[in-house]
Amino acid sequence: MRLSVIGCGYLGAVHAAAMASIGHDVVGIDVDARKVDSLSRGIAPFFEPGLQDILTAGIESGRLRFSTDMADAEGAKVHFIGVGTPQQKDGYAADLTYVNAAVESLVPFLSRGDIVAGKSTVPVGTAADLAPGIEAKGATLVWNPEFLREGWAVQDTIDPDRLVVGVVPGADGDRAAQVLREVYHPAVAKGTPFLVTDRATAELVKVAANAFLATKISFINAMAEIAEVTGADVTQLADAIGHDARIGRRFLGAGIGFGGGCLPKDIRAFSARAEELGRGESVGFLREVDAINLRRRHRAVELVVEGLGGAVFNKRIAVLGAAFKPHSDDIRDSPALDVAVRLHGLGAQVIVTDPEAVENARRVHPQLTYTADRDEALRGADAVVVVTEWDEYRRQLDPAHAAGLATGRLVVDGRNCLDAEAWRAAGWTYAGMGRP
Ligand code: UGA
């Protein structure tokens, strides 16, 4: 099927390449000429496992190309909107500038019978606002939220755990849902749940899912706060409650909390939208979820300060991790980088390392010192802070080896990902989050 994907960021670039990999003829469109140039040359503009391979294969097959010219979307049967919806600069609401601009510039190239499938995460009601311009051209607007996780984006796109399509109920909506079944044919063939809803529900499914995940993380981090004043161990607590199938162990990882380009801004946008709808109190708990989350970054800094005897001024601190999570080079709202910046603000000599995110981090926070070499970061450090649970730190860093490089013996485990016993046995003072 001929498809266009408008927006070639973390979502759109993966979607375009993944759709080509399952046999579609895809054009990805973005206003950023540098990004389009990189993608056209088969070079992934960001780190995402597996993307490089499907990008190269797609371009070589002739089924995948990229363009800055919206006219190239003409003739596609389905147009996916995958542009960003960041937090507004001066408030909590989502900034819909890019979605509105994408739709406005796409409309002139739509033909009767085309389907526009919104994938961007938007406040409920956005589709209803966008629909008239699209429908005036005889095209159909559906909302098809994306649930991919960075680091697993290729797999999540090709083989998602569910597909959701929001349509206007009726014959046109049924037809559009059928076309999307054809688009996602390999997943549909293997029986992946395919839910057809109205558009408002589809928009809400996405923000509700992210709000739930954020709440789950903040719940366990709230338990970590209680554990800290009682001597309890939050990781054992998470294991114990996680065995209850109704609760489940996933996303009960206590630590410095959630970040990235989605969870933080999505819960804020949800609060803002609920306020607009006169139902602010219904999601009032999301403010608490946000507050708990931000407190945990502060707590990690506190552990370093306490561990170093009350001050970090002029202390050399190795910060292991900058990405908001492993298998990603994304530093948007990264708790890891925030901890590094806060320590730097307290006068510490911070040296940050990360297997993939150093260049992105340096661009945004040039005041910090960076190295791609883990051991160089550790050399001469008064304290070591692990803030992104890359295997390079979690599994591959031998505490005895680290002790041979660092000067001090304090390790703060901001992700509760290290083997505390092994570190202690190697002479380290280990401080976890919500652990004795
Ligand atoms: C999230 C959702 O998981 C996806 O389903 C969704 O599609 C995506 O947002 C989106 O809206 O586009 P992502 O931001 O890639 O995906 O990352 P997650 O794996 O959800 O992790 C988010 C943050 O939570 C990370 O900073 C991670 O370190 C943190 N986290 C996760 C914890 O602190 N504890 C946990 O137990 C799990």
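**Exercise 1. Find which residues come nearest to the ligand in this predicted model.**

*Solution.* Start with the shell: 21 residues sit around the ligand, and Leu148, Glu150, Lys206, Asn210 and Gly253 come nearest. Next, sort the shell by class, which gives 10 nonpolar, 4 polar and 7 charged residues. Then look at the domains: domain 1 (2-197) and domain 2 (202-436) each supply at least three residues of the shell.

**Exercise 2. Work out which protein atoms lie 2.7 Å, 3.1 Å and 3.3 Å from an oxygen atom of the ligand.**

*Solution.* Keep the cut-off for a polar contact in mind, a pair of N or O atoms within 3.5 Å. Take Glu150 to begin with: one of its backbone N or O atoms is 2.7 Å from a ligand oxygen. Now move to Gly259, where a backbone N or O atom is 3.1 Å from an oxygen of the ligand. Finish with Arg415, which uses a polar side-chain atom, 3.3 Å from a ligand oxygen. As for cover, the ligand on its own has 710 Å² of accessible area, and the protein covers 89% of that.

**Exercise 3. Decide which helix gives the most residues to the shell around the ligand.**

*Solution.* List the elements that give two or more residues: they are helix H9 (199-230) and helix H11 (263-276). Then pick the top contributor, and that's H9, with 4 residues.

**Exercise 4. Describe the second largest pocket by volume and lining.**

*Solution.* Its volume comes to about 170 Å³. Look at the lining next: it has 15 residues, with Leu96, Pro123, Thr126, Arg273 and Glu276 closest to the pocket's centre. Helix H5 (126-135) and H11 are the elements that give two or more residues here, and H11 has the largest share, 4 residues. Sorted by class, this lining has 8 nonpolar, 4 polar and 3 charged residues. Both domain 1 (2-197) and domain 2 (202-436) put in at least three residues each.

**Exercise 5. Find where the largest cavity lies relative to domain 1 (2-197) and domain 2 (202-436).**

*Solution.* First, count: the structure has 1 cavity of 30 Å³ or more. The largest cavity holds about 80 Å³ of space. Now check who lines that cavity; among them are Thr85, Ala94, Pro123, Val207, Phe270 and Arg273. H11 gives the largest share of this lining, 5 residues. By class, you get 7 nonpolar, 2 polar and 3 charged residues.

Note on methods: Residues are numbered from 1 along each chain as its sequence is written. This is a predicted model: local features need pLDDT of at least 70, side-chain atom pairs count only at pLDDT 80 or more; totals for chains, interfaces and linings use all residues. Side-chain values use heavy atoms; hydrogens and water are left out. A residue is near a molecule or strand if one of its heavy atoms lies within 4 Å of it. A polar contact is a pair of N or O atoms within 3.5 Å; within protein, one must be able to donate a hydrogen and the other to accept it, and residues adjacent in sequence count only if both atoms are side-chain atoms. Accessible areas come from the Shrake-Rupley method with a 1.4 Å probe; for residues, only the protein chains shown count as cover. Ala, Val, Leu, Ile, Met, Phe, Trp, Tyr, Cys and Pro count as nonpolar, Asp, Glu, Lys and Arg as charged, and the others, Gly among them, as polar. Domain bounds come from an automatic or database domain assignment. On a 1 Å grid over the protein atoms alone, a cavity is a set of points where a 1.4 Å probe fits but cannot get out, and a pocket is an open set with protein on both sides within 12 Å along at least five of seven lines; lining residues have an atom within 4 Å of a point. Grid points are joined across faces, edges and corners, and a volume is the space filled by probe spheres set on the points.
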